[in-house]
Amino acid sequence: MDFDEITRILEMMREHELSEFELERDNVKLRLRKQGSGHGTVAPAYPPPAHLPVPAPASAGTAAAPAAAAGPPGEDTELAIVKSPIVGTFYRASEPAAKPFAEVGDVVKKGQVLCIIEAMKLMNEINAEIDGEVVTVYVENGHAVQFGERLFAIRPA
Amino acid sequence: MNLSQPLPPEFGEALARAADRLGAFAREIVWYADVSSTNDEAAALAEGGAAEGTVVAAYAQSAGRGRQGRVWASPAGAGLYVSTVLRPPPDAVSMLTIAAGVAVAEGVQAAAGLRVDLKWPNDVYVGPRKLAGVLAEASAVRDIQYVILGFGINVMPAAYPPEIAARATSLEAELGRPVDRGLLLAECLAALARRYGDLRDGRGDVVCGVWRMRAAASLGRRVRWAAPGAPIDGTADDIDATGALIVRTDAGTIRVTSGEVVWM
């Protein structure tokens with residue numbers, strides 16, 4: 001294993017937003033772990049590139065969105081980003097006519113349901129890892145989400 | 001208020017006879033004559049640390065649910081409503097609902113001798129009428145902590161709400177004779193233990209194979225998938241190795257893993 005190979009692994013981890021990587025072969029054991037992956041607040045290691053559309057469209061109309069998307073990096077680290085653990089369809093409420101589980105400005109408690117992601121007709125309730133205020137909802141109801149895609153930004157209480 | 005009661009003898013005896021095929025299932029079982037929702041009760045038990053295989057069963061549910069808040073009519077004595085606590089390894093999660101459909105179909109056939117059809121991923125039909133349904137709900141904090149796998153089987157004809165009466169059927173309506181509910185519970189759980197075991201042991205291909213045989217009546221038929229944006233029409237061709245529904249459309253083949261699929 002050489003330096004180039006490790007660099008490639010690091011790039012792959014970044015690309016797929018992996019928090020940990022382990023490789024064992026030929027008496028070499030490599031374990032890479034992104035700092036901050038062990039606790040609730042995960043901040044992106046780098047700000048999103050300016051030329052890419054931010055997943056929260058303007059129609060989401062959140063006053064707090066700029067803080068997460070375009071604010072100074074220092075502010076970014078304050079937010080806990082809730083990401084999708086699976087590929088599926090994002091639902092903000094328990095049923096079509098119901099009130100969303102969590103709206104921008106809501107104060108949520110650890111363990112509270114934030115949304116449901118449905119995959120293979122398995123309804124996955126995604127729970128808050130921390131107490132805090134919902135500042136951004138990145139995805140619209142009924143839309144598809146990818147593994148690791150950002151769902152919510154929460155400012156820890 | 002939900003008050004659990006002693007397990008009726010017909011259930012206890014059937015479960016005891018099937019004990020060597022149940023694996024971890026029904027080592028703990030909580031039984032209700034009437035409960036709001038077996039899935040909600042099982043989730044509360046799971047939150048409290050209940051072991052994998054814990055079962056909640058009832059004769060009636062006052063707030064039986066399907067997906068997205070739809071009502072699952074659960075009148076007293078007309079059905080069997082069962083939920084189980086699972087703590088699956090990540091690899092076994094995606095195929096869980098496929099395995100659940102297979103298990104209910106196998107359990108019904110073993111207990112009542114009725115051959116049923118599956119519609120992706122796990123609706124159980126006799127011809128055009130729905131006999132049983134599955135509601136699988138997971139709770140995740142970063143990773144999935146537990147899955148509640150619930151199923152409801154219509155056992156006796158009942159006064160269903162008019163909007164579903166024409167689309168629902170029951171075991172006794174199909175067979176014209178009484179059905180042993182204890183045996184039905186035991187056989188469904190034994191089948192679930194077997195198919196869940198297949199997934200845990202990396203034999204998803206076996207589960208897919210059995211599912212295909214039992215879904216033969218619905219494969220090859222026209223479906224409409226409520227894709228984000230505009231719906232897409234096509235033909236339900238098959239499932240792939242992950243359990244995703246493969247739909248052939250004019251524009252090519254798509255792989256459906258979530259969202260609503262309507263059989264036309």
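How many nonpolar, polar and charged residues does the lining of the second largest pocket have? In this predicted model, the lining comprises 18 nonpolar, 11 polar and 10 charged residues.

**View 1. The second largest pocket and its lining in chain B.** The pocket, with a volume of about 970 Å³, is lined by 39 residues, and those that lie nearest its centre are B:Arg70, B:Val71, B:Trp72, B:Asp123 and B:Lys130. Several elements of chain B each supply at least two lining residues, among them helix α2 (38-47) and the strands β6 (129-141) and β7 (143-154). Domain 1 (9-214) and domain 2 (222-263) of chain B each contribute at least three residues to this lining.

**View 2. The aromatic pair of B:Phe25 and B:Tyr196.** Of the five aromatic pairs found over all chains, this one is edge-to-face, with 6.2 Å centre to centre and 85 degrees between the planes. Because B:Phe25 lies in the loop between α1 (9-17) and β1 (29-35) of chain B while B:Tyr196 belongs to helix α6 (residues 181-200), the pair ties together parts that are 171 residues apart in sequence. Both B:Phe25 and B:Tyr196 are buried.

**View 3. The aromatic cluster of B:Phe11, B:Trp31 and B:Tyr59.** B:Trp31 is buried, with a relative accessible area of 5%.

**View 4. Charged side chains over tyrosine rings.** A:Arg150 lies over the face of A:Tyr138, at 4.5 Å from the ring centre, and B:Lys119 lies over the face of B:Tyr125, at 4.0 Å from the ring centre.

Conventions:
Residues numbered from 1 in each chain as written. Chains lettered and ligands numbered in written order. Predicted model: local features only at pLDDT ≥ 70, side-chain atom pairs only at ≥ 80, totals over all residues. Heavy atoms only, no water. 1 Å grid on protein atoms, 1.4 Å probe; cavity = no way out; pocket = protein on both sides within 12 Å on 5 of 7 lines; lining within 4 Å. Points joined across faces, edges and corners; volume = space filled by probe spheres on them. Helix = DSSP H or I, 4+ residues; strand = E, 2+ residues; numbered from the N terminus. Nonpolar A, V, L, I, M, F, W, Y, C, P; charged D, E, K, R; others polar. Domains from an automatic or database assignment. Phe/Tyr/Trp six-rings, centres within 6.5 Å; stacked < 30°, edge-to-face > 60°. Buried < 20%, exposed > 50% of the residue type's maximum accessible area, 1.4 Å probe, protein only. Lys NZ or Arg CZ within 6 Å of the ring centre and 35° of its normal.
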